[in-house]
Amino acid sequence: MPTWIVTGGAGFIGSNFVRLALAETDADVVVLDKLTYAGNLETLADVAENPRFRFVQGDIASRETVADVFREHRPDAVLNFAAESHVDRSIEGPRLFVETNVHGTLELLEAARALCTELAPADRERFRLLHVSTDEVFGSLGATGAFSEETPYAPRSPYSASKAGADHLVAAWHETFGLPTLLTNCSNNYGPFQYPEKLIPLMILNGLEGKDLPIYGDGGNVRDWLHVEDHCRAILLVLRRGRPGQSYNVGGRSERTNLQVVDALCEALESVRPAAENPALAARGIAGYAGLKTFVTDRPGHDRRYAIDDSKLRRELGFDPRYGFEEGLRATVRWYAENRRWCEQVQAGSYARERLGLEGAAK
Ligand code: NAD
Ligand code: DAU
């Protein structure tokens, strides 16, 4: 059976990928995760007893840790989900983003390169390192157009700059050392187990608790939304059938302004937990979830619009997302309403959904 090392497997997308890999492949899955504020063992509780699952707590930026894990498990593939992932936090403290996202990726590439020199030719031929990246490396779009795999990199936040740095290392390790790398650049994900600092889960929990729904700037910024399970299926496709050295854009063809997303969330909240039956709203004298919408100071350097041209992935590998946005959003609202314990556990002691990313930015 193949062994896959999944870094960042205790986070949002990584944990969804682990679940998919255990359900739909025969791979043994070794998660390597530092368990930062965003990584939680509760997120993996349902797979903890699976005999094909192992968990190692460790930092991808530690050369020794990575070497030990590679030595012990001798992976057939490495999937790098581990990252500092939140733009607002990158504005407050960029150093950790460079350390994990750039240096961490370097350590994985170097460990993979060393492993490949020891493998028999047939095993080396099959080995893959798949690096999970973002559409934010391409910068910000105007009203029209979409990012393709040929769009030049133009990152504008500390987060996206660190992801761009990592992507360049991945490409260089393929060109220079012949490492069989794969790169995916995906748009905004939503779905179960997303840390409640991100737009969709933050709005759902604030809505359920009758708190303000803070919309940055004019709410006209556009993101392209993809359900996390569809992203994970795309990654599995690329791992199995992608061409080494290539990058693949992954998107949902579901562009929405933030205001449209929040309005859709208010409707979904109403159907899952009617405002009239929510005492937290009654206590504030607010009749409907839309009454919680509040415009707040914009994010510094806020990218206006992202859009993904995913035709290469669809044409070459047959990618076809399963979730429509409104349907996926309703399922996500239901998941958060039914999993309040998980939400409390992952926030406990480290985060109270306060505004992040204004402190330290040039005013
Ligand atoms: P997340 O913040 O939910 O999870 C990140 C995981 O990485 C956590 O489990 C954390 O503990 C772990 N981690 C952080 N630093 C580490 C380190 N130094 N060593 C080992 N583990 C470490 O992030 P996510 O939203 O699941 O994103 C996963 C990947 O997908 C990231 O690389 C991100 O850039 C990329 N991505 C995310 C989105 C999105 O919308 N969330 C979209 C496109 C790409
Ligand atoms: O595009 C892919 C990227 O999507 C990933 O690489 C990142 O890891 C992921 O965090 C996400 O980045 P964004 O910055 O787009 O996601 P976030 O959820 O932070 O914000 C989405 C939009 O909503 C953005 O325009 C900012 C806005 N926003 C966000 C929050 C948290 C608000 O208006 N209010 C909020 O409270």
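Predicted model: local features only at pLDDT ≥ 70, side-chain atom pairs only at ≥ 80, totals over all residues.

## How H9 meets H12

The axes of helix H9 (residues 258-272) and H12 cross at roughly 55° and come within 9 Å, so H9 and H12 are oblique to each other. The crossing in which H9 passes H12 is right-handed.

On the H9 side, the residues that meet H12 are Val261, Ala264, Leu265, Ala268, Leu269, Ser271 and Val272. Their partners in H12 are Phe325, Leu329, Arg330, Val333, Arg334 and Ala337. Sorted by class, this contact of H9 with H12 has 10 nonpolar residues, 1 polar and 2 charged.

## How H7 meets H12

H7 packs on H12 as well, with an angle of about 55° and axes 10 Å apart. That angle makes H7 oblique to H12, and the crossing of the two is right-handed.

Which residues make the contact of H7 and H12? From H7 come Ile200, Pro201, Ile204, Leu205 and Leu208, and from H12 come Leu329, Thr332, Val333, Tyr336 and Ala337. The class count for H7 with H12 is 9 nonpolar, 1 polar and no charged residues.

## H12 against H13

Are H12 and H13 roughly parallel or roughly perpendicular to each other? They pack at an angle of about 75°, with axes 5 Å apart, and are therefore roughly perpendicular. Trp335, Tyr336, Ala337 and Glu338 of H12 make this contact with Arg340, Trp342 and Cys343 of H13. By class, the contact of H12 with H13 holds 5 nonpolar, no polar and 2 charged residues.

## The two sides of H13

Helix H13 spans residues 340-347, and its buried residues are Trp342, Cys343, Val346 and Gln347. Looking down the axis of H13, these buried residues fall within an arc of 120°, so they line one face of the helix. There is a simple geometric background to this: an α-helix has 3.6 residues a turn, so residues three or four places apart point the same way.

The cover over the buried residues of H13 includes helix H7 (199-208) and helix H12 (325-338). On the face of H13 turned away from the buried side sit the exposed residues Arg341 and Glu344. After H13 comes Gly349, with a positive phi near 80°.

## Backbone angles worth a look

Most residues other than glycine have a negative phi. Leu35 is not a glycine, yet its phi is positive, about 60°. Leu35 is placed in the loop between strand E2 (28-33) and strand E3 (53-57), and at 23% relative accessibility it counts as partly exposed.

Arg353, also not a glycine, has a positive phi of about 60°. Arg353 lies in the segment after H13 and is buried, with a relative accessible area of 12%.

Asn185 is in strand E6 (residues 181-186) and is buried, at 1% relative accessible area. Leaving aside neighbours within four places in sequence, the contacts of Asn185 include Ser133, Thr134, Asp135, Tyr153, Asp167, Asn249 and Ile308. Asn185 and Thr100 are 85 residues apart in sequence, with their C-alpha atoms 18 Å apart in space.

Where is His73 found? His73 is in helix H2 (residues 63-73), and with 16% relative accessibility it counts as buried. Not counting residues up to four places away in sequence, His73 touches Thr3, Val30, Arg54 and Val56.

Arg299 belongs to the loop between strand E12 (293-296) and helix H11 (311-317). Is Arg299 buried or exposed? Arg299 is buried, with a relative accessible area of 14%. Beyond its neighbours within four places in sequence, Arg299 is in contact with His86, Val87, Asp88, Ile91, Tyr216, Arg223 and Arg355. The C-alpha atoms of Arg299 and Val31 are separated by 33 Å, and the two residues are 268 residues apart along the chain.

How values were computed:
Residues numbered from 1 in each chain as written. Chains lettered and ligands numbered in written order. Heavy atoms only, no water. Buried < 20%, exposed > 50% of the residue type's maximum accessible area, 1.4 Å probe, protein only. Helix = DSSP H or I, 4+ residues; strand = E, 2+ residues; numbered from the N terminus. Arc of directions from axis to C-beta. Contact = heavy atoms within 4.5 Å. Axes fitted to C-alpha atoms, helices over the stretch in contact; angles between N-to-C directions. Parallel < 35°, antiparallel > 145°, perpendicular 65-115°, else oblique. Nonpolar A, V, L, I, M, F, W, Y, C, P; charged D, E, K, R; others polar. Left-handed = near helix turned anticlockwise from the far one by under 90°.
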